[in-house]
Every structure is written in structure tokens, then in C-alpha cells.
Amino acid sequence: MLRLYRRPTKGEFFVIFGDCAQGGSDSNYVQFLSKSQTDIPLVLQVKDVAASMTPLLHQTAEWVFEQTQVKPVVCLERNNGGASEMERLRILNRLDKYRLYSMKRDGIETDKLGFITDQISRPKLIGDWKVAFDSQLIRIYDEETIKQHRQFITNKSNRPEAAPNTHDDAVISAAGAYQLFLTENPISKPVRTRPLPKRSRYHV
């Protein structure tokens, strides 16, 4: 299900992050964060395996480009089928209307499409987003996203996670989108310059 809270405008730059699911009660959750307006005006939630979400994500990313004329950056967490769906997006992106994110280590881009959540990246992912969320840096309209943030706790092992019998798909996808917000920028168009006229050989 797509939930649109305002239409993207020309010149806006979006970063798009999805938390993938393997079916069951979890959802594939994708947040479309505007770096230009510092809000999340579009959310995609699909209850099924990750493969069922990808075609709709592809179409929506293309639509965002058509509205803004700026290529958004698209990223999925590599867990739960995300790695294979990033490769599928690479194939679907024949018209080159969006950019695919490659994991960065110490600021250097790797050859891995998507975001790798591990013992190194997860604390930063959650910590950076907690600061942004608590300070209301990013405006969130989606009620389900807000609800999941209220149910996000720190367990006995001091690990942030969803409370029992709740979900954190919206939290992780928002946190991932914020990581892209911190690192990604639109590609500036090259400035066209007119060539200088050739000088005549009789020029004095």
C-alpha cells in the first residue's frame, strides 16, 4: 500500500530506504525521505515477501523522478532478500531514473548494493536516527511509522528493538533513510559552456 501525504515538487531530492520482510506478520516498509524538505511524504508498505514489493518500488521511484526531475537514491537493507532485490532493481532500472546505493565503509563505497546491517553499522544507524527523531529534525506524517517508534524499546541486553509482539519495520526503514540523508546528494548537472569562436589567422 502506498500512502502519499504530499506530492513531490520539481527539484526535490529524495533518498529511499526499504526494510525487507520474508512474509508472515512483518511488512516490507519503504520510506521516501525528502532531503530538500526534510520530511517523509510517501511511504510504501507491502505485507508479503520482498520480491512482491520490488515492482511497485521501481514504479514509484520512477514516478518520483518524473515529478522532481532529480534522480532519487534507492536502497534496501540486504537482509531478508534485500540483496537479491537490489540486483533486480538494477535490472529494472533500464531508463536510469534512479540511482542505487552501494554500502559504504569509512566513507568509501564498496561493491555491495544495498545497506549491510551488522554490529558496526546498526548502532550508528539507530543512534543517528534517535537523535534526529528526538529533535524532530525530520517531519513524519505516517501514523504507523509514529506508532512503531513509540513501541521501540531497549531490551535487557541494551539492544534497541521492537517491544514484544510489535514491529520495527517502519523504524529501521526511517533510520536507514536518514543514513542516506546524511551521506547522499543529488548529482549536479554539468554546466554547458559555449565554445570560444576560432580566431582568424588574419586577426591582429
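Which residues in α4 meet which residues in α5?

1. **The α4 and α5 contact.** On the α4 side they are T145, Q148 and H149, and these meet D169, A170, V171 and A174 in α5. Sorted by class, this contact has three nonpolar, three polar and one charged residues. Helix α4 covers residues 143-150, and its axis lies 8 Å from that of α5, at an angle of about 100°. The two helices are therefore roughly perpendicular to each other. Please keep in mind throughout that this is a predicted model.

2. **The α3 and α5 contact.** Helix α3 (residues 121-134) also packs against α5 (residues 169-183), here at an angle of about 85° and with the axes 9 Å apart. Since angles of 65 to 115 degrees count as roughly perpendicular, that makes α3 roughly perpendicular to α5. The α3 side of the contact is formed by R122, K124, L125, I126, D128, W129 and A132. Facing them in α5 are V171, I172, A174, A175, G176, Y178, Q179 and L182. By class, the residues of the contact of α3 with α5 come to ten nonpolar, two polar and three charged.

3. **The largest nonpolar core.** This core has 30 residues, and those with the most contacts inside it are V15, L33, Y101, F115, W129, I138 and L180. At least two residues each come from β2 (14-19), β3 (28-34), β4 (39-46), β5 (73-76), α3 and α5. Which element gives the most to this core? That is α5, with nine residues. As general background, nonpolar side chains tend to be buried together in soluble globular proteins.

4. **Y101 and the second core.** Y101 deserves a look of its own. Leaving aside neighbours within four places in sequence, Y101 is in contact with V73, V74, C75, M86, K112, L113, G114, F115, L180, T183 and E184. One of these, V74, belongs to a second, separate core of 19 residues, which also includes I16, C20 and V64.

5. **Helix α1.** Buried residues in α1 are A50, M53, T54, L57, H58, T60, A61, E62, V64, F65 and T68. Cover for the buried residues of α1 includes β1 (2-4), β2, β3, β4, β5 and α2.

6. **Positive phi values.** Most residues other than glycine have a negative phi. Just after α1, Q69 takes a positive phi of about 65°. N80, in the loop between β5 and α2, has a positive phi near 55° and is partly exposed at 35% relative accessibility. D96, found in the loop between α2 and β6 (99-100), has a positive phi near 55° and is partly exposed, with a relative accessible area of 42%.

7. **R90.** What does R90 touch, not counting residues up to four places away in sequence? Its partners are L100 and L113. R90 sits in helix α2 (residues 82-92) and is partly exposed, with a relative accessible area of 45%. R90 and L100 are ten residues apart along the chain, with their C-alpha atoms separated by 7.2 Å.

8. **The chain as a whole.** The secondary structure comes to five helices and eleven strands. Of the 204 residues, 46% count as buried. Among contacts between residues at least 6 apart in sequence, 62% join residues at least 24 apart.

Notes: Residues are numbered from 1 along each chain as its sequence is written. This is a predicted model: local features need pLDDT of at least 70, side-chain atom pairs count only at pLDDT 80 or more; totals for chains, interfaces and linings use all residues. Side-chain values use heavy atoms; hydrogens and water are left out. Axes are lines fitted to C-alpha atoms, for helices over the stretch in contact, and angles run from 0 to 180 degrees between N-to-C directions. Helices (H or I, at least four residues) and strands (E, at least two) are DSSP runs, numbered from the N terminus. Angles under 35 degrees count as roughly parallel, over 145 as roughly antiparallel, 65 to 115 as roughly perpendicular and the rest as oblique. Contact means heavy atoms within 4.5 Å. Ala, Val, Leu, Ile, Met, Phe, Trp, Tyr, Cys and Pro count as nonpolar, Asp, Glu, Lys and Arg as charged, and the others, Gly among them, as polar. A nonpolar core is a set of buried Ala, Val, Leu, Ile, Met, Phe, Trp, Tyr and Cys residues joined through side-chain atoms within 4.5 Å. Buried means under 20% relative accessible area, exposed over 50%, partly exposed in between (1.4 Å probe, protein chains only).
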